[in-house]
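Open the model in your viewer and keep the selection tool at hand. We will go stop by stop.

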Amino acid sequence: MNTPAFSNSSAEHNDSSSEPNNSNTAHSQNDIRLSETVKIAQRLIQFDTTNRGQGNANPERPAAEWVVQYLAELGVAAEIYEAAPGRATVVAQIAGADPQLPGLVLHGHLDVVPADPKNWSVDPFAGVIKNGMLWGRGAVDMKDMDAMMLTAVAEILRAGEKPRRNLTLVFFADEENGGVYGSEWMVRHHPEVFAGAKYAISEVGGYSIYLGDKRAYLLQTGEKTANWMRLTARGVAEHGSRVATDNPLVKLSAALTRLGNHKWPIELGATTTALLQAVSELTGTSGTPEEILAQTGTAAGFLQPSLCATSNPTVIDAGYMQNVIPDTATAIIDVRTLPEKQEETMRQVAEILGPEIEMEPLVQAVGLETEFAGEAVDAMIASLKKFDPEAVVLPYLLSGGTDNKALSALGIIGYGFAPLLLPPELDFPAMFHGVDERVPLQALDFGHQVLTDLLRTF
């Protein structure tokens with residue numbers, strides 16, 4: 001199997017003249033040949049925009065201001081919107097060559113999940129480059145695509161060209177918290193910035209997987225719902241030496257065990273059915289859905305949750321003294337349901353937990369599923385094939401979620417397409433929220449090329 005070469009000379013720069021005039025963008029002498037896309041991704045990683053959820057986050061504002069400055073040097077005026085102090089979203093409008101076409105929202109997010117440096121082999125916020133890869137929190141989720149978006153726009157504008165259609169370029173805050181201070185807030189308070197847009201493209205799709213000796217790319221055409229719930233069990237506070245009969249920790253732990261051990265049935269929607277059929281045909285494999293998805297190698301763990309609902313306890317909190325039985329115990333659960341099954345599945349969750357457990361929604365986001373067809377899908381496939389002629393493109397249902405959920409409330413059709421050509425040995429799905437998150441440098445340049453072509457042609 002041939003691997004495409006990265007031959008586009010615009011992917012490399014031998015000086016820093018194209019970078020924003022910001023003293024924080026300095027690079028060492030030995031990285032002078034890094035592409036602009038890699039350097040921008042590296043710089044964005046160096047902004048610690050850790051999001052711990054429920055409003056507890058480092059502000060995105062410093063990274064947002066850096067992005068605004070970069071765009072300003074391209075002649076693009078961008079605006080910052082704050083849902084709360086420091087919780088910043090960047091929006092830029094770029095006129096297309098054919099303004100009669102429906103507009104495109106190209107969006108990323110600036111926040112990242114926490115990273116404990118003690119568990120990493122490198123500083124997660126240093127943007128370390130080693131072994132041909134960029135390491136750091138956000139290298140995959142999703143400061144890599146943020147950088148690809150910026151340099152794709154830069155290449156087009158520096159050439160004196162325009163994207164084919166009107167482009168709304170967005171860098172959201174708070175995606176890792178369900179967009180409460182980002183996409184959800186923007187859609188509620190500033191829907192006008194998305195006026196005229198029909199399509200949206202963002203993260204968690206477009207990367208390569210291997211089916212034996214065949215290379216394929218997963219195009220995300222759907223997302224499961226997201227339901228983050230706070231659970232509370234109540235009881236009687238008393239001395240820890242008593243024979244307790246109403247201990248909320250016991251009630252809560254029993255309920256969490258029931259929920260965590262519950263086996264949800266396989267339910268196949270149109271997207272996953274199409275994926276299974278394609279994988280079966282490409283590999284000559286038949287069997288159960290799990291057996292077919294096992295042929296996707298490292299991607300299998302990412303794809304298997306698309307077969308059914310999932311329900312996982314993620315946070316637990318109770319007590320304040322070793323010799324006191326508390327009167328309350330709380331936990332947070334993460335429930336992902338298939339599109340169109342949200343209400344039914346959440347009723348089942350309540351039944352599993354039992355009547356003594358109170359449920360409070362923190363985030364309840366819709367599921368998405370759109371057809372693997374149409375002009376946007378055709379354009380993404382065509383752009384991939386220009387740089388990897390052997391590409392086979394498959395649809396898949398994301399078990400997590402993106403800011404496309406919020407945009408869907410405005411009737412905007414969203415896809416996950418952050419194109420990356422990856423080596424077979426890299427367990428790329430494990431990089432999402434994982435330790436030692438990293439992405440190959442060549443994959444970033446491949447993604448820049450594909451995304452630039454897409455903006456020119458779609």
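Select residues 221-354 of this predicted model. The span is 37% helix and 25% strand. Its end C-alpha atoms lie 35 Å apart. An unreviewed UniProt entry lists these residues as "domain: Peptidase M20 dimerisation".

Next, turn to the aromatic rings. How many aromatic pairs does the structure hold? There are 7. A pair of aromatic rings is described by the distance of the centres and the angle of the planes.

Select Phe172 and Phe194. Their ring centres are 6.4 Å apart. The planes meet at 35°, so this pair is tilted; stacked would need planes under 30 degrees apart. Phe172 sits in strand β6 (residues 167-172). Phe194 is in the loop between α4 (183-189) and β7 (197-202). The two are 22 residues apart. Are they buried or exposed? Both Phe172 and Phe194 are buried.

Now select Tyr207 and Phe428. Here the ring centres are 5.0 Å apart and the planes are at 50°, so the pair is tilted. Find Tyr207 in strand β8 (residues 207-211). Find Phe428 in the loop between β18 (413-416) and β19 (438-440). The pair ties together parts that are 221 residues apart in sequence. Both Tyr207 and Phe428 are buried.

Ring pairs link Tyr207, Phe302, Phe428 and Phe432 into a cluster.

Last stop: charges over rings. Select Lys130 and Trp135. Lys130 lies over the face of Trp135, 4.5 Å from the ring centre. Then select Arg165 and Phe458. Arg165 lies over the face of Phe458, at 3.9 Å from the ring centre.

Terms used: Residues numbered from 1 in each chain as written. Predicted model: local features only at pLDDT ≥ 70, side-chain atom pairs only at ≥ 80, totals over all residues. Heavy atoms only, no water. UniProt positions renumbered as here; feature names shortened; annotations may be inferred. Helix = DSSP H or I, 4+ residues; strand = E, 2+ residues; numbered from the N terminus. Phe/Tyr/Trp six-rings, centres within 6.5 Å; stacked < 30°, edge-to-face > 60°. Buried < 20%, exposed > 50% of the residue type's maximum accessible area, 1.4 Å probe, protein only. Lys NZ or Arg CZ within 6 Å of the ring centre and 35° of its normal.
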